[in-house]
Amino acid sequence: MKVIVVPCLNDNYSYILFDEQSKNAAVVDPSEAWPLLKELEKNQLSLTAVLCTHHHADHIGGLEDIIEERGGVRVLGFEGDKSRIPLLNELYADGDEFTVCGVSGVIYHTPGHTTGGIVYHIENHMFTGDTLFCGGCGRLFE
């Protein structure tokens, strides 16, 4: 699995995970759609899944546009965030396993920044959303 870091908004990042052979891709935290869609097209990647770490707009603000543009993709997230992220179509709990881009991962529920925050552990990568910050843990929200 390869990872492309995509700058979004003025101070945020989203990530594209992909399998080099199949060209299947997943996006983590689509804060805005167009930089991600541009990168998917540039690399000729087929979007199959979106992984949401929590419900804040700077992490899911581009989700609706991505679904409208690409349609029919899996949208993974925490079961407790279904009302906050209505486009979720695969709900997970703490410790659940999942597969994207041909690799397996584990979801960890990490409440603190939000009550529904989760971390995706895939191979040697951890996608933490706003659970971990360089200087601390960030502000706490409901």
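Predicted model: local features only at pLDDT ≥ 70, side-chain atom pairs only at ≥ 80, totals over all residues.
Residues are numbered from 1 along each chain as its sequence is written, and side-chain values use heavy atoms, with hydrogens and water left out.

The inside comes first. The largest nonpolar core holds 22 residues, and I16, L40 and C52 have the most contacts within it. Such a core is a set of buried Ala, Val, Leu, Ile, Met, Phe, Trp, Tyr and Cys residues joined through side-chain atoms within 4.5 Å; buried means under 20% relative accessible area, exposed over 50%, and partly exposed in between (1.4 Å probe, protein chains only). At least two core residues come from each of β1 (2-8), β2 (12-18), β3 (24-28), α1, β4 (46-51) and α3. The biggest giver is α1, with 4 residues. These helices (H or I, at least four residues) and strands (E, at least two) are DSSP runs, numbered from the N terminus.

On the surface, E41, E64, D65, E68 and E69 come together as a patch of negative charge. Patch members have over 30% relative accessible area and no salt bridge, with like charges joined within 9 Å and nonpolar side chains (Val, Leu, Ile, Met, Phe, Trp, Tyr) within 5 Å. A salt bridge here is a side-chain nitrogen of Lys or Arg within 4 Å of a carboxyl oxygen of Asp or Glu. Helix α3 (residues 63-70) puts the most into the negative patch, namely 4 residues. E41 sits in helix α1 (residues 33-42), and E41 counts as exposed because its relative accessibility is 62%.

K23, in the loop between β2 and β3, shows a positive phi of about 70° although it is not a glycine. With a relative accessible area of 32%, K23 is partly exposed. E123 also has a positive phi, near 50°, in a residue other than glycine. Its loop runs between β9 (118-122) and β10 (125-127), and at 42% relative accessibility E123 counts as partly exposed.

Finally, D11 is found in the loop between β1 and β2 and is exposed, with a relative accessible area of 68%. D11 and D58 are 47 residues apart along the chain, and their C-alpha atoms are separated by 9.5 Å.

Key. Areas by Shrake-Rupley, 256 points an atom, 1.4 Å probe, with all protein chains shown as cover. Lys, Arg positive; Asp, Glu negative; His and termini not counted. Charge placed at Lys NZ, Arg CZ, Asp CG, Glu CD.
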